[in-house]
Amino acid sequence: IVGLEALADISELTAALAKYENAVETDYTVLTWEAFAAARDAANELISSGNYSETAVGEKLAAFITAAEALATKASDDAIAALKAKYDEASALEKDKESYTPDTYAALRSALRGAGSCVDEESRDHVSETQCEEAMKALVAALDGLKKKADMNALQAVIDEVLSISADKYTEDSWKALAAAITAAQEFIEEKATTGSEDEAK
């Protein structure tokens with residue numbers, strides 16, 4: 001009959017809902033569960049209404065699948081505990097921050113901020129397994145990449161010792177070469193004392 005629209009086939013929608021019927025709220029992060037629950041409830045309401053057009057079913061199916069696939073597993077207590085331990089280890093370096101090169105310590109601070117948002121008690125229900133893993137990887141990488149500033153004391157001691165030598169005991173050319181080396185070493189100290197790593201000082 002012209003103008004009448006037949007009820008749509010809901011078998012695909014009901015199958016999708018059935019696939020996730022055993023999903024448990026506490027297994028997932030708050031925001032992804034809320035989106036999933038809203039899409040699930042909307043789909044069930046449409047089915048319960050007994051009035052479902054092809055367009056409506058298609059929309060509810062698409063929304064539900066999107067929300068279901070976006071469900072993020074909540075980080076386990078063990079994973080959070082491990083991250084917290086590594087976070088505390090890295091935070092303890094704060095007292096010695098001046099002994100590390102600025103760029104490597106800045107990387108550590110950035111990793112700490114990321115990890116901090118994961119281990120915060122109020123954020124636990126929002127932290128996914130993936131977020132926790134990524135935060136741990138970033139923190140470990142930052143710790144491994146941490147470099148201490150170059151210790152110039154040994155180099156300065158050598159310079160001081162050389163400067164105590166009397167130039168008149170050596171040839172002019174050899175003394176000029178030594179003087180040039182001393183100047184280069186002093187310039188190195190001035191330029192790298194605050195930014196150089198131990199590798200640069202070797």
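In which hand of crossing does H1 pass H2? The model is predicted, with local features needing pLDDT of at least 70 and side-chain atom pairs counting only at pLDDT 80 or more, while totals for chains, interfaces and linings use all residues. Residues are numbered from 1 along each chain as its sequence is written, and side-chain values use heavy atoms, with hydrogens and water left out.

The crossing of H1 past H2 is left-handed, meaning that the near helix is turned anticlockwise from the far one by less than a right angle. Helices here are DSSP runs (H or I, at least four residues), numbered from the N terminus. H1 covers residues 11–19 and H2 residues 30–49; their axes lie 11 Å apart and pack at an angle of about 140 degrees. H1 is therefore oblique to H2. Axes are lines fitted to C-alpha atoms over the stretch in contact, and angles run from 0 to 180 degrees between N-to-C directions; oblique is what remains after under 35 degrees (roughly parallel), over 145 (roughly antiparallel) and 65 to 115 (roughly perpendicular).

From H1, Leu-13, Thr-14 and Leu-17 meet Arg-40, Ala-43, Asn-44 and Ile-47 of H2, where contact means heavy atoms within 4.5 Å.

Across the whole chain there are 9 helices and 0 strands. The chain's radius of gyration is 32 Å, well over the 17 Å that the globule rule gives for 202 residues, so the chain is more spread out than a compact globule. The radius is taken over C-alpha atoms, and the rule is 2.2 Å times the number of residues to the power 0.38. The C-alpha trace spans about 115 × 40 × 20 Å along its principal axes.

Technical notes:
Helix = DSSP H or I, 4+ residues; strand = E, 2+ residues; numbered from the N terminus.
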